[in-house]
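Hi,

Here is the structure I said I would pass on.

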Amino acid sequence: MVIPAILPRGPGHHFVLYGDSCSGIPGHQHQGTFAAVNAAVRQVVPPPEFILFPGDEVAGLTADPDALRAQWRHWLDREMGWLDRTTIPLWHTTGNHTTYDTMSEDVFRDVLGMPRNGPPGQEGLSYWVRRGDLLLVFVHTLWSGLGGEGHVETDWLRSVLRQHADARYRLVAGHHPVHPVNGFSGAYQREIGPACGAAFWDTLVQADVTAYVCSHILAFDVQVHLGVLQICTAGAGTEHRMPEEIEYLHAVQASLDAEGLRYQVFDIGGRIRERLSWPIALPSDDRWLLVRSGESEALVTGTPSADRVVAFRFVGQAAPAGSSAAQTLLSAFQPGVQSPLWIGMRGPEQTLTVILGPEPGRSPHYWIGPPVLPDTAFDFQLVIHTGMGPGGIMCRFGAERRWTSLLAASPWGAERLSWPDRWSIGRGQGGDDDRPFQGSGLFVRVTNC
């Protein structure tokens with residue numbers, strides 16, 4: 001088995017991401033699964049320049065410092081003994097299994113010897129690495145001095161990003177997501193708490209960071225918020241999945257170059273399960289097709305696919321204030337079957353909503369976007385990117401060039417959708433009285449990317 005690496009298109013960097021093995025104990029339940037992931041990582045050709053491991057390497061969570069050190073020694077010397085860390089650096093973030101109190105933070109510092117250029121009190125826990133034109137910043141998302149799990153500081157991060165403003169590429173890594181993954185949500189435990197999460201993300205956006213790499217939620221997930229990717233990779237061996245029937249053991253091989261970020265997610269059999277090239281590029285205006293009002297034949301059809309990108313542009317005048325009933329912008333359907341794709345606005349704030357129901361007879365899932373101001377002109381683009389899972393339904397309004405994923409509580413996205421061959425604009429599949437658009441001047445354009 002060989003996994004050909006995605007290499008930079010010219011000068012750049014290529015590397016591997018994987019996290020959450022929770023091993024380090026001989027005979028532990030996760031040792032075999034971690035070994036299987038490592039076996040796949042070793043098949044990447046050529047090998048990566050470096051590896052990012054965003055936390056929870058060992059089972060940890062013990063009050064005995066000697067036992068914790070023994071876990072780290074077994075993980076580093078035996079389970080990762082195949083890796084020449086002088087040739088391929090391995091950089092870590094803290095995690096809830098590894099830095100859960102001051103004792104475990106001290107062990108993390110001593111055993112791993114990460115750079116001690118972090119903020120006061122977090123030396124060896126938060127740190128940065130510069131590799132030519134690439135800046136890597138590692139943040140501690142559960143520092144005991146700030147409140148523990150789900151807390152992260154931003155002043156030092158902002159300062160480091162400013163200090164290295166000349167870096168062409170910038171990645172930030174931490175253990176906890178900022179934005180919920182697969183519907184698994186809980187402030188200060190499953191993601192960074194809102195009190196510091198918003199400021200943290202604003203810092204990434206202002207510094208034009210390409211991606212925030214995290215783990216913790218046992219899944220692979222990607223989403224984008226104001227142009228910054230959140231990549232969650234937590235499939236390095238922990239047997240549990242979130243959820244079991246969808247997620248899988250995996251690692252991620254990625255590259256950065258002047259054109260952007262590309263990655264491929266591979267499982268323990270070496271099969272490529274997901275991939276992305278970012279940023280997406282939309283076709284020129286002459287390749288966008290007008291969708292006629294009323295019912296029409298679909299301009300996009302086909303079976304479920306993980307390699308489809310469909311972009312819509314919606315322009316119109318929003319309904320007056322007080323309009324709270326659901327309003328259809330576009331509905332895709334087959335006669336006699338509940339619409340598997342509905343795009344519209346709902347509620348008194350006229351909130352942009354996408355509803356996917358790819359399985360007849362099963363409850364649909366909802367994606368929630370921003371509100372549309374009543375009685376005002378709107379002009380926004382909505383992309384459905386099947387290669388990004390639930391994070392692949394994203395929008396941008398007006399002159400905003402940065403994409404933001406709609407909020408969802410689903411572990412799957414439009415990759416399950418069979419595109420129907422009937423579309424209706426400004427009304428639901430049931431006709432003129434089915435959730436009609438209550439504004440005016442609506443027109444819709446569509447294109448395949």
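Below are my notes on the pockets, a sheet and a helix pair.

Bear in mind that this is a predicted model, where local features need pLDDT of at least 70 and side-chain atom pairs count only at pLDDT 80 or more, while totals for chains, interfaces and linings use all residues. Numbering runs from 1 along each chain as its sequence is written, and side-chain values use heavy atoms, with hydrogens and water left out.

The largest pocket holds about 500 Å³ of space. Its lining has 25 residues, and Asp208, Thr210, Gly227, Trp278 and Pro279 are the closest to the centre. (A pocket here is an open set of points on a 1 Å grid over the protein atoms alone, where a 1.4 Å probe fits and protein lies on both sides within 12 Å along at least five of seven lines; lining residues have an atom within 4 Å of a point. Points are joined across faces, edges and corners, and the volume is the space filled by probe spheres set on them.) At least two lining residues each come from β8 (169-173), β12 (251-257) and β13 (260-266); strands are DSSP runs of E, at least two residues, and helices runs of H or I, at least four, numbered from the N terminus. By class, the lining of the largest pocket splits into 14 nonpolar, three polar and eight charged residues (Ala, Val, Leu, Ile, Met, Phe, Trp, Tyr, Cys and Pro are nonpolar, Asp, Glu, Lys and Arg charged, the others, Gly among them, polar).

The second largest pocket has about 400 Å³ of space. Of its 23 lining residues, Ile246, Tyr248, Arg273, Glu274 and Glu415 sit nearest the centre. β14 gives the largest share of this lining, four residues.

Now the sheet: six strands, open, in the order β5-β4-β2-β12-β13-β14, with mixed pairing (two strands pair if DSSP finds at least two bridges between them). β5 (90-92) and β14 are the edge strands, each pairing on one side only. β12 and β13 pair antiparallel over seven bridges, and Val252 stands opposite Val265 in β13.

Finally, helices α1 (residues 31-41) and α2 (residues 65-79) pack at about 40 degrees, axes 12 Å apart (axes are lines fitted to C-alpha atoms, for helices over the stretch in contact, and angles run from 0 to 180 degrees between N-to-C directions). That makes α1 oblique to α2, since under 35 degrees counts as roughly parallel, over 145 as roughly antiparallel, 65 to 115 as roughly perpendicular and the rest as oblique.

Cheers
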